[in-house]
Amino acid sequence: MSMAMNLTALRTIWIKECTRFLRIWVQTLVPPAITMTLYFVIFGNLIGSRIGEMGGVSYMEFIVPGLIMMSVITNAYSNVASSFFSAKFQRNIEEMLVAPVSTMTIILGYVGGGVARSLIVAVVVTVVSSFFVPLNIQHFWLIVVTVILTATLFALAGLVNAVFAKTFDDISIIPTFVLTPLTYLGGVFYSISLLPQFWQTVSQANPVIYMVNAFRYGFIGVSDINAYVALGVLVLFNLVFFALAWSLLHRGVGIRS
Amino acid sequence: MTKALEIKSLRKVYRGGLEALKGLDLTVNEGDFYALLGPNGAGKSTTIGIISSLVNKTEGEVKVFGYDLDTQLADVKRQIGLVPQEFNFNQFETVEQIVVNQAGYYGVPRKLAKERAQKYLTQLGLWDKRNDRARTLSGGMKRRLMIARALLHEPKLLILDEPTAGVDIELRRSMWDYLTLINSQGITIILTTHYLEEAETLCRNIGIIDKGRIIENTSMKLLLSKLNVETFVFDLEPYSNSPTMTGFTMRELDNHTLEVDVPKERGLNNVFEQLTAQNMKVLSMRNKANRLEELFVDLVEQGRNQKESV
Ligand SMILES: Nc1ncnc2c1ncn2[C@@H]1O[C@H](COP(=O)(O)OP(=O)(O)OP(=O)(O)O)[C@@H](O)[C@H]1O
Ligand SMILES: [Mg+2]
């Protein structure tokens with residue numbers, strides 16, 4: 001297929017994906033805003049005021065980047081996981097499979113949809129947070145690059161999950177048993193420097209640590225980990241998951257009998 | 001003559017070991033209207049799935065308008081429009097979204113896709129429904145939606161897997177008219193059906209598939225000529241004394257309807273002569289429609305016996 005035709009196909013998938021989450025905005029855009037407001041009120045305001053400073057800033061300021069990141073992660077993941085799985089389930093994935101759409105285009109379209117949703121949610125949550133703490137931005141482009149790489153990574157992971165999923169339960173198991181623990185242990189609510197040395201080392205195996213810290217560095221200029229090391233790790237994870245998603249879809253795993 | 005479809009020694013073994021196709025050969029010429037018939041589980045949908053790349057083949061060769069499925073997949077896909085056996089659109093999208101998006105996947109620019117959407121949705125009587133969500137359509141409308149969707153990239157080969165299942169007579173006829181029309185405009189059509197009347201009305205050539213093999217591949221005319229006995233139903237003016245018929249098998253259904261089996265070589269004249277001689281007035285006469293079904297059952301049985309004796 002020519003470049004122009006591939007772009008048309010890509011645009012089609014991407015717009016369809018965006019239309020989907022915008023159509024059900026009450027399920028996709030409102031909940032993260034509510035959850036985050038609760039986090040700000042409870043952890044930030046009520047409990048945070050007793051904790052004092054962390055990393056040289058107020059506790060509230062400290063957790064804002066991590067909370068934004070948390071909503072980016074869950075939204076990117078669940079958007080692609082549920083959209084792709086329901087396309088498998090309703091079999092409308094076949095509309096793409098019979099057409100000369102390349103595997104690359106399908107991945108970019110779905111991941112693009114997940115990234116779009118998580119960026120919208122990120123903006124919503126950031127706006128909500130600005131009611132609680134003044135918005136402080138140290139390294140704007142680092143924030144942008146980190147959030148896009150993170151959203152892409154979890155969108156890809158959601159896609160891989162959906163490829164293997166056989167029932168709707170299968171797309172909630174990974175978020176519950178893997179994603180949530182990783183984000184909670186990913187330095188959203190604490191600086192890993194508070195941990196004993198052993199757990200600090202273990203924490204470095206958690207990819208979320210890198211995203212949260214790079215992101216936090218972008219906002220408040222404080223990080224447990226060098227921001228460029230963090231970006232490097234993110235890029236690496238993205239490549240691995242892209243290769244995995246491509247190879248699965250190209251072979252038709254879970255979508256062609 | 002250009003071949004729209006050429007399948008050689010096609011085999012499919014599903015995961016779990018079921019061999020759905022056991023070396024299937026099939027050729028369909030450009031411009032043909034071809035019926036693929038066969039009992040449930042014969043392998044029709046599997047064959048169609050492989051042609052339209054929804055199912056991976058195990059072995060064999062498939063060419064569509066000369067393009068090879070293995071090496072020229074994108075070209076193959078562009079030639080084909082598929083109307084699958086089961087509804088496979090997103091129930092929450094609107095009619096227009098579904099067809100316009102499908103065109104997008106084929107790289108048709110959005111503006112052109114919208115023009116075509118209007119054209120084909122209008123032709124299929126769905127234009128008024130364009131903003132309705134697919135799940136609110138009736139079964140017949142859903143079938144027509146899938147036909148419109150398959151046509152939006154203007155394929156040369158349209159494949160329909162039981163397009164009229166669950167569609168009422170009136171709608172079925174209008175679908176037949178539509179398919180006949182687009183076939184006359186040059187689109188090659190392959191369809192599967194369990195309604196033999198449908199195959200007989202529409203199709204020029206026919207393949208019968210059973211247990212993963214083609215057991216008959218012939219023209220409709222030849223197939224029908226294999227039938228040497230036809231059954232006719234005579235509608236007579238009500239009579240009080242039953243007629244007699246020498247040389248023909250005859251059944252009386254009631255006091256004004258007769259069924260007579262007429263061997264091809266004997267013709268109908270003698271039947272009329274006998275009826276006239278007995279002062280029976282023939283009001284109307286029709287051909288009993290199920291003869292093809294009988295033939296079909298015969299063929300499938302013959303095929304099975306042959307295979308067992310091999
Ligand atoms: N995805 C699948 N996995 C395993 N076996 C399958 C699958 N799809 C079909 N089969 C089997 O392959 C055989 C052929 O099925 P197929 O759907 O091709 O038949 P068909 O001729 O279309 O029948 P019908 O007229 O009922 O639609 C059947 O025995 C069926 O059970
Ligand atoms: Mg079938």
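A: Happy to. One thing to keep in mind is that this is a predicted model. Let's start with how α3(A) and α4(A) cross: the crossing is right-handed. Helix α3 of chain A covers residues 30-51 and helix α4 of chain A covers residues 59-89. Their axes come within 10 Å and cross at roughly 155°. Angles over 145 degrees count as roughly antiparallel, so α3(A) is roughly antiparallel to α4(A).

Now for the side of each helix that faces the other. From α3(A), the contact draws on Pro32(A), Met36(A), Tyr39(A), Phe40(A), Phe43(A), Gly44(A), Asn45(A), Gly48(A) and Ile51(A). Across from them, α4(A) brings in Tyr59(A), Met60(A), Ile63(A), Val64(A), Leu67(A), Met70(A), Ser71(A) and Asn75(A). By type, the residues of this contact are 12 nonpolar and five polar, with no charged residue among them.

Stepping back to the whole chain, chain A has 11 helices and two strands. Reading from the N terminus, the order is α-α-α-β-β-α-α-α-α-α-α-α-α. Among contacts between residues at least 6 apart in sequence, 81% join residues at least 24 apart. Buried residues account for 54% of the 257 residues in chain A.

As for overall dimensions, the C-alpha atoms fill a box of roughly 60 × 35 × 35 Å along the principal axes.

Terms used: Residues numbered from 1 in each chain as written. Chains lettered and ligands numbered in written order. Predicted model: local features only at pLDDT ≥ 70, side-chain atom pairs only at ≥ 80, totals over all residues. Heavy atoms only, no water. Axes fitted to C-alpha atoms, helices over the stretch in contact; angles between N-to-C directions. Helix = DSSP H or I, 4+ residues; strand = E, 2+ residues; numbered from the N terminus. Parallel < 35°, antiparallel > 145°, perpendicular 65-115°, else oblique. Left-handed = near helix turned anticlockwise from the far one by under 90°. Contact = heavy atoms within 4.5 Å. Nonpolar A, V, L, I, M, F, W, Y, C, P; charged D, E, K, R; others polar. Buried < 20%, exposed > 50% of the residue type's maximum accessible area, 1.4 Å probe, protein only.
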